[in-house]
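Hi everyone, thanks for coming.

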Amino acid sequence: MIPVVRWVERFLGPPFVFWALLPWISWEVLRRRKDLRYFRELRHTLPRSFWKGQGSLRHFLRMIIRWQGVLSTCLLYDRLGSARWRKRIRFEGVPPDQLSEFQQRPAVLVFFHTGGFPIIRYWLRSRGIPAATFAGGQPSPLGRSRAHRVFEAGDRIYGLKGMAHVLTPASLRQTVQFLAPGRALVVALDGIATPGPLLPYSIDQQTIHVKDGAFRLAARSNAILMPVMVKHTGFLRYVIRFGEVVPDEFLQDPEPHRAHQALIEQLWKPIREDPCLLTWSTLESLAPEKRRYRTGWP
């Protein structure tokens, strides 16, 4: 997959990547078809009116296609700084490097597992921002040696050679050391499969369960805390939306309630606009009691 995607993007252009991926997309649909029933059960957590007529099968297929496109974008990391990709990945709001206090404080960027979330780190690094993701690992094929060679090439281009891409809960001390001024840590707010307590919050008469890791890291390192989400505008086309910075007074609270509510309300707004941004992890965070085995992916 990796050499095919990179060859097609270079010589034919990004629009042709979909056709190159079609065999992989077809295989993904076949091998994940057994998950569709469980996917439908999770969708039933939300009222029918929420889905705006978007059926479960269409949502399921769109999620698979978008996921393959997102993985392909990550595998083109060393090219994301080019003029071609600047046009395909736009941003709204104020990214951390344009905040006046970013050179004096680190930033913790919080996301839901929705839309094209994996590209956040790669896009930030393509701007020369030292950014890492706080996570348990990387999805296949991003963990393969061929992918690592792409990432190393990109890091040399963007002046980030030797800068960690992923920091894990097992290396908390390294994570805290990473959070220096001018650096950004990308952290998921949802995800019931990772260690830690689940904290319930209300949004649109629904209950979503989140983790407090991002809040604790931001409070400990005096970081800027802000939400970010990636919306698809077409195949291999995205808009990265940066939300409003959480007030510092919320980070001074001993508990994360006010900070979490501010983050959740901003991250949920794009989902109201396009319910098909929802993927497995966020759906499971809405109904953790329904969680059961599924093919592994976010």
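The charged end of arginine 32 sits over the ring of tryptophan 297, 3.9 Å from the ring centre; for that, CZ of Arg or NZ of Lys has to be within 6 Å of the ring centre and within 35 degrees of the ring normal. Arginine 88 does likewise with tryptophan 85, at 5.9 Å from the centre.

A quick word on the source: this is a predicted model, where local features need pLDDT of at least 70, side-chain atom pairs count only at pLDDT 80 or more, and totals for chains, interfaces and linings use all residues. Residues are numbered from 1 along each chain as its sequence is written, and side-chain values use heavy atoms, leaving out hydrogens and water.

Back to tryptophan 297: together with Tyr38, Phe39, Phe60 and Trp280 it forms one aromatic cluster. Rings of Phe, Tyr and Trp (its six-membered ring) pair if their centres lie within 6.5 Å, with planes under 30 degrees apart called stacked, over 60 edge-to-face and the rest tilted. There are 17 aromatic pairs in the structure. In one of them, tryptophan 7 and phenylalanine 11 have ring centres 5.2 Å apart and planes at 45 degrees, so that pair is tilted.

Now, how are the rings of phenylalanine 39 and tryptophan 280 arranged? Their centres are 5.3 Å apart and their planes at 75 degrees, so we call the pair edge-to-face. Phenylalanine 39 is buried, at 0% relative accessibility, and tryptophan 280 is also buried, at 0%; buried means under 20% relative accessible area, exposed over 50%, and partly exposed in between (1.4 Å probe, protein chains only).
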